[in-house]
Amino acid sequence: MQAQTGFGGGCHWCTEAVFQGIRGVTLVKQGWIASRPPDDIFSEAVIVHYAPKVIPLDILIEIHLLTHASQQNHSMRRKYRSAIYARNASQLVLAKQRLEVVAKGFDKPVVTRVLPLAVFKPSDEAYQNYYRTDPMRPFCRTHIEPKLQKIRTEYTNYAATAPRKP
């Protein structure tokens, strides 16, 4: 059985690469997500398709919170919103509960919001799989690779053993 949810973690290239490196994630599409008013402005995000028996949603939420600036407010936060986008009521409840638990382990307040996913607009195909198409780009080496290393170190059981081709 497959499930899907959305994550906004600033740059969708970074967020895409993080979730592509997780066992049990079968597809990641990056683009823009809008919620309901007043959060109906599109922000960079990804849709993650996953096998819940391999990678549970609560672990995906933990990984998300630990691999982006979930505690940082900045002037571009609307475009680069830190969010967990729920597809249904049960995801909404689980995401709020997990966020509350994980946030207790941080030294500053978490700015990540749990929102209902209303609309997803995928990026053009040319921009999908950004890290996989050229991991040697300076952006990838500087911003994405440290996040992937964190997954390989802190979530060994969930880190994919080898990169999957797009």
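Modeller: A residue is buried when its relative accessible area is under 20%, exposed when it is over 50%, and partly exposed in between (1.4 Å probe, protein chains only). This is a predicted model, in which local features need pLDDT of at least 70, side-chain atom pairs count only at pLDDT 80 or more, and totals for chains, interfaces and linings use all residues. Residues are numbered from 1 along each chain as its sequence is written, and side-chain values use heavy atoms, with hydrogens and water left out.

Colleague: Why is helix α1 called mostly covered?

Modeller: Helix α1 spans residues 12-20, and eight of its nine residues are buried. The buried ones are His12, Cys14, Thr15, Glu16, Ala17, Val18, Phe19 and Gln20. Helices (H or I, at least four residues) and strands (E, at least two) are DSSP runs, numbered from the N terminus.

Colleague: What do the buried residues of α1 pack against?

Modeller: They pack against the strands β1 (3-9), β2 (25-34) and β3 (43-50), and against α2, α4 (130-133) and α5 (138-154). Contact here means heavy atoms within 4.5 Å.

Colleague: How do α1 and α5 cross?

Modeller: Their axes come within 9 Å and cross at roughly 35 degrees, and the crossing is right-handed. From α1, the contact uses Trp13, Cys14, Ala17 and Val18; from α5, it uses Phe139, His143, Ile144, Lys147, Leu148 and Ile151. Sorted by class, these are eight nonpolar, one polar and one charged residues.

Colleague: Why is α2 called oblique to α3?

Modeller: The axes of α2 (residues 57-66) and α3 (residues 89-103) come within 10 Å and cross at roughly 50 degrees. Angles under 35 degrees count as roughly parallel, over 145 as roughly antiparallel, 65 to 115 as roughly perpendicular, and the rest as oblique. The angle falls in the rest, so α2 is oblique to α3.

Colleague: Which residues make the contact between α2 and α3?

Modeller: Leu57, Asp58, Ile61, Glu62 and Leu65 of α2 meet Gln91, Leu94, Ala95, Arg98, Leu99 and Val102 of α3. By class there are seven nonpolar, one polar and three charged residues.

Colleague: How do you know that Val25 is buried?

Modeller: Val25 has 3% relative accessibility. The limit for buried is under 20%, so Val25 counts as buried. Val25 lies in strand β2.

Colleague: What makes a group of residues a nonpolar core?

Modeller: The members are buried Ala, Val, Leu, Ile, Met, Phe, Trp, Tyr and Cys residues, joined through side-chain atoms within 4.5 Å. The largest core here has 26 residues, and those with the most contacts inside it are Phe7, Phe19, Val25, Val48, Tyr50, Leu60 and Ile63. At least two residues come from each of β1, α1, β2, β3, α2 and α3. The largest share, six residues, is supplied by α2. Apart from this core lies another, of eight residues, including Ala17, Tyr131, Ile144 and Leu148.

Colleague: What sets the phi of Asn129 apart?

Modeller: Asn129 is not a glycine, yet its phi is positive, at about 60 degrees. Asn129 sits in the loop between β6 (119-122) and α4. Its relative accessible area is 15%, which means that Asn129 is buried.

Colleague: Which residues does the cis peptide bond join, and what is its omega?

Modeller: The cis peptide bond joins Pro37 and Pro38, with an omega of about 10 degrees. Pro38 is in the loop between β2 and β3.

Terms used: Axes fitted to C-alpha atoms, helices over the stretch in contact; angles between N-to-C directions. Nonpolar A, V, L, I, M, F, W, Y, C, P; charged D, E, K, R; others polar. Left-handed = near helix turned anticlockwise from the far one by under 90°.
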